[in-house]
Amino acid sequence: MFPGRSGAGADGGHAPVDLVVRGGTVVEAGWSGPADVFVSAGRVLALAEPGAPAPGAPDEIDATGRLVMPGGVDPHCHVGFTSGDFTSLDDYLQCTTAAVFGGTTTIVDFAIPRPGQAPADAVYAQRAKAEQGLCDSALHACVTEWDDTIPDQLGALVADGVVTVKMFTTYRDETMADEDTILRTMATLRDLGGMVVIHCEANHIIEDTQAHCAADGRIGAADMARTRPELAETASVAEILAIAESQRAPVYFVHQSTAEAVELVAAARRRGLRAYTESVAHHLVLDDAMYDGEHPERFVCCPPLRPRDAVSRLGRHLFTGEITTIGSDHCCYDTAQKQSRSGDVRVMPNGLPGVETRLPVVFSAYVAGMGLPATRFVELTAANPARVNGLYPRKGTLLPGADADIAIWDPTTEWTITSDGLHMATDYTPYEGMRVTGRPETVVVGGRIVVQDGRLTDATPRGRHLPARRLYGPGAPGSLGRSSALST
């Protein structure tokens, strides 16, 4: 057994070994090398020297020539999400089936209250769905308006393992929170060991821009990029950072789409603020040329896709360490839903299906295509998402004691993404026809082989809701650092 990487003695101890993954290169955040993975009772028992004997007669997976990674943790999924008149089309079973085919073995969903619904009630309703999944899930709560019940609700939620709260600076009359609500929520969570996760777009700038676009007759799906300018994002990020600094409160920015927004957060982190950046796969791979094609409505998302130069500048921060996590912002609408209001982006459903494609498209573009270290890929897509959501080291690692969630990748296989070849509950993928390199072949969830050689081998829902640990402060197992690369 490797020193410091074993949960047992040299013979694996007396714990029965159920499964061994042999012959592969294990990739952790910050470390990789040849090793065999011993699994017992759904957890990683040990990382062993290649060929080390395993007690008993466990099942074996031959991972020769493969990368053996912790299953991905997707920090940003919307499952069965209702916004306005539209509800996304997947349930927990469908979403997590797609997730595991894409190498993701944990999702973090959002419990966004409907008008008049208490945040805690939204959480408990969404939490009950977790057992329908093929893999585990956690939740972000959401606060849209402050009232005297919010502090007690947040206290109860954190005690119950929901430590992150989503907030929006846009979508007036639906989910948008005012500055006072954001400040109060940040301050309350600061004292509880939780954190606000926030969608930043300055609504006043967006509404003014959209009004001008509408007056010019340019408010349809093909005009999406101009209706929500980059300035709206950076202006909102600057304001939210100021609120967070005034309260000495941690903050996590979702789906940052420009290098300028990422750099504002990085500068605040250097000033001592606990501030973190998430980017998402489509902002790192696709650009606003998609709005010039036959189906611009399929690419309507907020923030919108940016120009190619902006995509390149954003992607460079995967290498600098300024981006903390990569999510999918999965939202599973279909073409008919998108087309039904495609003449006015102010009322059409926005969001892209992506839980299954997040890891393959990022691996192909940045690891295979640009030389991003596989260890950094694991850091961005598994270890750091688990850390900032209070799930590490149960998730996001293959170190002994972690849940045995394992994705075994062929890093050299080439394949073409098509909607027919995916498993999401929609009729399209934004990556249709894209040629990519690298793919998870076999996926283990909690010690069970769920996908093998690209086929679903265990369709039994055994998902669990994961209570998160407090992120910092008294009672927390460790403190979130101020660096972006939390795993190092």
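Analyst: The model is predicted. The helix is α10, residues 308-320.

Start with length. α10 has 13 residues. At 1.5 Å a residue, the helix should span 18 Å. Its end C-alpha atoms lie 19 Å apart, which agrees with that expectation.

Next, burial. The buried residues of α10 are Ala-310, Val-311, Leu-314, Gly-315, His-317 and Leu-318. Buried here means under 20% relative accessible area. Viewed down the helix axis, these buried residues fall within an arc of 140°, so they line one face of α10.

Gly-321 follows α10. The phi of Gly-321 is positive, near 90°.

Now the setting. The protein chain has 13 helices and 22 strands. Its radius of gyration is 22 Å, close to the 23 Å that the globule rule gives for 488 residues, so the chain is as compact as a globular protein of that length. The C-alpha atoms fill a box of roughly 70 × 50 × 40 Å along the principal axes.

Of the 488 residues in the protein chain, 60% are buried. Take the contacts between residues at least 6 apart in sequence: 75% of them join residues at least 24 apart. The accessible surface of the chain comes to about 17100 Å². Carbon and sulfur atoms account for 49% of that surface.

Note on methods. Residues are numbered from 1 along each chain as its sequence is written. This is a predicted model: local features need pLDDT of at least 70, side-chain atom pairs count only at pLDDT 80 or more; totals for chains, interfaces and linings use all residues. Side-chain values use heavy atoms; hydrogens and water are left out. Helices (H or I, at least four residues) and strands (E, at least two) are DSSP runs, numbered from the N terminus. The expected span of a helix is 1.5 Å times one less than its number of residues. Buried means under 20% relative accessible area, exposed over 50%, partly exposed in between (1.4 Å probe, protein chains only). The arc is that of the directions from the helix axis to the C-beta atoms. The radius of gyration is taken over C-alpha atoms; the globule rule is 2.2 Å times the number of residues to the power 0.38. Contact means heavy atoms within 4.5 Å. Accessible areas come from the Shrake-Rupley method with a 1.4 Å probe; for residues, only the protein chains shown count as cover.
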